[in-house]
Amino acid sequence: MLELIAGAGKMHTQTDISNKRWILRLYVAGQTHKSIAARANLHAICEQHMPDKYHVDVIDLLENPGLAKDDQIIAIPTLVRNLPIPMRKIIGDLSNTERVLNGLDIYPTSA
């Protein structure tokens, strides 16, 4: 299924998410307020918009600081979408659901 979704003055192409899988990495630093919020917000977004279609690795840079180099992390929390390609990064606590969905290439239709 291919749908055109209007939003913010642009047309977006949405493909059926049933054949996609999202591989995500969430970089955090310990149990800060922003890290905890990012985890909770990401979990809620994934469960609502792509249940059973995602895998998230949470990487705590306080425990493994060298891993920041792999994805060129310069701010935290940062969400990295490895799949589907191309890779994308979203910085912040992921509280802006629309921005996160756009970064993940998910454009929900309004019923």
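These are my notebook entries on one predicted model.

**Ground rules.** I number residues from 1 along each chain as its sequence is written, and side-chain values use heavy atoms, without hydrogens and water.

**Elements.** I looked up the helices and strands (DSSP runs, H or I of at least four residues and E of at least two, numbered from the N terminus) and found two helices and six strands, which follow the pattern β-β-β-α-β-β-β-α along the sequence.

**Sheet.** I then traced an open sheet of four strands, in the order β4-β3-β5-β6 and with mixed pairing, where strands pair if DSSP finds at least two bridges between them. β4 (54-60) and β6 (88-91) each have a single partner strand, so one side of each is left without a neighbour in the sheet. Between β3 and β5 (residues 78-83) I noted antiparallel pairing over five bridges, with Leu24 opposite Arg81 in β5.

**Core.** Which residues have the most contacts inside the largest nonpolar core? They are Leu24, Met50, Leu79, Leu94 and Leu104, in a core of 17 residues; such a core is a set of buried Ala, Val, Leu, Ile, Met, Phe, Trp, Tyr and Cys residues joined through side-chain atoms within 4.5 Å, and buried means under 20% relative accessible area with a 1.4 Å probe, protein chains only. β3 (22-28), α1 (33-49) and α2 (97-103) each give two or more residues to this core. I also recorded another core apart from it, of six residues, including Tyr27 and Leu61.

Notes. Predicted model: local features only at pLDDT ≥ 70, side-chain atom pairs only at ≥ 80, totals over all residues. Buried < 20%, exposed > 50% of the residue type's maximum accessible area, 1.4 Å probe, protein only.
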